[in-house]
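Thanks for coming, everyone. Let me put the structure on the screen, and then I will walk you through it.

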Amino acid sequence: MSKTAIIGAMELEVETLKAKMTVSQVIKKAGMEFYDGSLNGARVVIVRSGVGKVNAALCVQILADIFQVTHIINTGVAGSLNAKLDIGDILISKDALHHDVDATIFGYKPGEVPQLGLREFPADERLMQLAKASCEKVNTDCHAVTGRVVSGDQFISSREVKARLIADFQGDCAEMEGASIAHGAYLNQIPFVIIRAISDKADDSAEMDYPTFEKAAALHSAALVEDMVASI
Ligand code: ADE
């Protein structure tokens with residue numbers, strides 16, 4: 001039987017889903033609260049990882065070791081790097097990479113973690129399809145794009161940095177956890193998908209747009225995740 005982890009970086013991103021689930025136990029570990037139970041008929045563990053790549057990686061390892069999850073969904077918000085992705089739209093990950101890893105001096109590609117053998121962590125094809133189907137079903141007015149998540153321990157809010165993330169990594173959205181979750185999922189051989197609603201354009205307007213659109217964007221992705229867990 002499947003058991004799906006749902007990871008959000010911030011409380012806002014997971015509070016809606018936690019309110020809808022039936023909780024059987026709450027386990028605290030590494031400063032995180034893991035809500036174990038069911039949502040929409042499916043076994044789930046919902047957790048707020050905290051912001052950034054270290055929190056996200058620790059969270060995945062706990063989900064693998066203690067909860068033995070079979071699938072991972074990362075939900076939340078992101079800054080758009082793609083002109084086709086407007087505020088409120090949804091990005092479903094095709095893959096994810098670390099934009100703040102640089103071992104190019106040794107011949108590795110920008111973003112490539114040395115000695116790992118891959119730079120882009122591919123999302124699970126079936127989870128991507130389920131996410132697309134749920135998006136069409138629940139967010140009928142919503143525009144969803146499949147693409148690349150680029151992650152780093154930085155909030156992207158400048159035109160120059162945004163241009164670099166597009167040129168060097170062909171990123172479609174920028175956030176601060178996805179690649180770590182993908183990396184941890186890859187090492188533990190757990191299928192994953194990242195679903196991010198766009199809260200800002202990752203440019204000079206991001207600081208203004210993010211607080212305004214964060215909540216609506218987070219609710220968008222939460223609705224999609226609630227629907228899709230039932231089919232995993
Ligand atoms: N999450 C939402 N918007 C973001 C941005 N512009 N940069 C990094 N993470 C984000």
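Start with E175, which is placed in strand β9. Strands here are DSSP runs of E with at least two residues, helices are runs of H or I with at least four, and both are numbered from the N terminus. Before going on, a word on the source: this is a predicted model, where local features need pLDDT of at least 70, side-chain atom pairs count only at pLDDT 80 or more, and totals for chains, interfaces and linings use all residues. Residues are numbered from 1 along each chain as its sequence is written, and side-chain values use heavy atoms, with hydrogens and water left out.

Is E175 buried or exposed? E175 is buried, at a relative accessible area of 5%. Buried means under 20% relative accessible area, exposed means over 50%, and partly exposed is in between, with a 1.4 Å probe and protein chains only.

What does its side chain meet? The side chains of E175 and R196 make a polar contact of 2.9 Å. A polar atom of the E175 side chain also lies 3.3 Å from the backbone nitrogen of E177. A polar contact is a pair of N or O atoms within 3.5 Å; within protein, one must be able to donate a hydrogen and the other to accept it, and residues adjacent in sequence count only if both atoms are side-chain atoms.

Now the ligand. Which residues come nearest to the ligand? Of the 13 residues around it, they are G79, F155, I156, E175 and D200. Near means that a heavy atom of the residue lies within 4 Å.

Take the nitrogen atoms of the ligand. A polar side-chain atom of D200 lies 2.6 Å from one. A backbone N or O atom of I156 is 2.9 Å from a ligand nitrogen. For G79, a backbone N or O atom lies at 3.2 Å from a ligand nitrogen. The ligand exposes 260 Å² when taken alone, and the protein buries 96% of that. Those areas come from the Shrake-Rupley method with a 1.4 Å probe.

Which elements build the shell? β5 (71-80), β9 (173-175) and β10 (192-200) each supply at least two residues. β5 gives the most, with three. By class, the shell has eight nonpolar, three polar and two charged residues.

Next, helix α5, residues 178-187. Eight of its ten residues are buried, so this helix is mostly covered. Among the buried ones are G178, I181 and H183. After α5 comes Q189, with a positive phi near 55 degrees.

Q68 has one of about 45 degrees, although it is not a glycine. Q68 lies in the loop between α2 and β5, and counts as exposed at 55% relative accessibility. Q170 has a phi near 50 degrees, and is also not a glycine. Q170 is in the loop between α4 (159-169) and β9, and is partly exposed at 45%. Why point these out? Most residues other than glycine have a negative phi.

Last, two aspartates in helices. D65 lies in α2, residues 53-65, and is partly exposed at 47%. D227 lies in α6, residues 206-229, and counts as buried at 14%. The C-alpha atoms of D227 and A103 are 40 Å apart, and the two residues are 124 apart in sequence.

How values were computed. Nonpolar A, V, L, I, M, F, W, Y, C, P; charged D, E, K, R; others polar.
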